[in-house]
Amino acid sequence: MTMAWGPAVTAVRAGRHGRVMVTFTPTGWELRPSPVTKVDLTKWFWWSFGVSLLFAWLGVIPHLAGAPKEVSFAFALPGALLLAGFLLYGVFSVIAEFVAFLGVMFGLATRGGRKRFFDSPRPSPDAAPLLVLPAGAVAGARASHHWRRVVITVRMVDGIEFRYSRFGMRRHREDLERGFTKLLGPRLVTA
């Protein structure tokens, strides 16, 4: 492993490699796997649950305005269906947690099985990188911004293109763009 040269940016979508962590080094950048964690899933669940609840309550607005119940029902139906799906998911997840708890309590899972069962995969900084790309082999790069997403397209001297995109908070997007800017200099053009 080479010495890191700036922040490692996680949850980056790389076209050919899926979700990766990009680590910048003085001579290039490395891609390592960045699996989805329990924290990510929990955050996505609660955001989706809140949005579906909001959609379900949108049917109240036409009802309070005096519209017929059919109109209110049409407004509330998509959110109510999402909400019902999340409630079913919650019931099934509680049942699965209970069965797993019983399995551990009665020794149905071995010690190694329990560790594997409850631990989520975490990106390891010591894991071998999927890909190591040298900055000297870059012919040009382009950074483009799309609402809350930054997309970096890197073209190598042999004609191969790599696309890296990061969605989300400004800090993570800026870290990705700043890392490529620091590494490539004037070869990175902002569109």
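Reader: What makes the eight strands an open sheet, and in what order do they run?
Author: In this predicted model, the order is S4-S3-S2-S1-S7-S6-S5-S8, with mixed pairing. Two strands pair if DSSP finds at least two bridges between them. Strands S4 (131-134) and S8 (188-190) each have a single partner strand, so one side of each lacks a neighbour in the sheet. Strands are DSSP E runs of at least two residues, helices H or I runs of at least four, numbered from the N terminus.

Reader: How do you know that S6 and S7 pair?
Author: Seven bridges link S6 (residues 149-156) and S7 (residues 161-167), in the antiparallel sense. The definition asks for at least two, so they pair. Val 151 stands opposite Ser 165 in S7.

Reader: Why is Pro 186 called exposed?
Author: Its relative accessibility is 77%. Exposed means over 50% relative accessible area, buried under 20%, partly exposed in between (1.4 Å probe, protein chains only). Pro 186 therefore counts as exposed. Pro 186 sits in the loop between H5 and S8. Its C-alpha atom is 8.8 Å from that of Gly 140, 46 residues apart along the chain.

Reader: What makes Met 105 exposed?
Author: A relative accessibility of 53% does, so Met 105 counts as exposed. Met 105 lies in helix H3 (residues 69-105).

Reader: How are residues numbered, and which cut-offs apply to the model?
Author: Numbering starts from 1 along each chain as its sequence is written. Local features need pLDDT of at least 70, side-chain atom pairs count only at pLDDT 80 or more, totals for chains, interfaces and linings use all residues, and side-chain values use heavy atoms, leaving out hydrogens and water.
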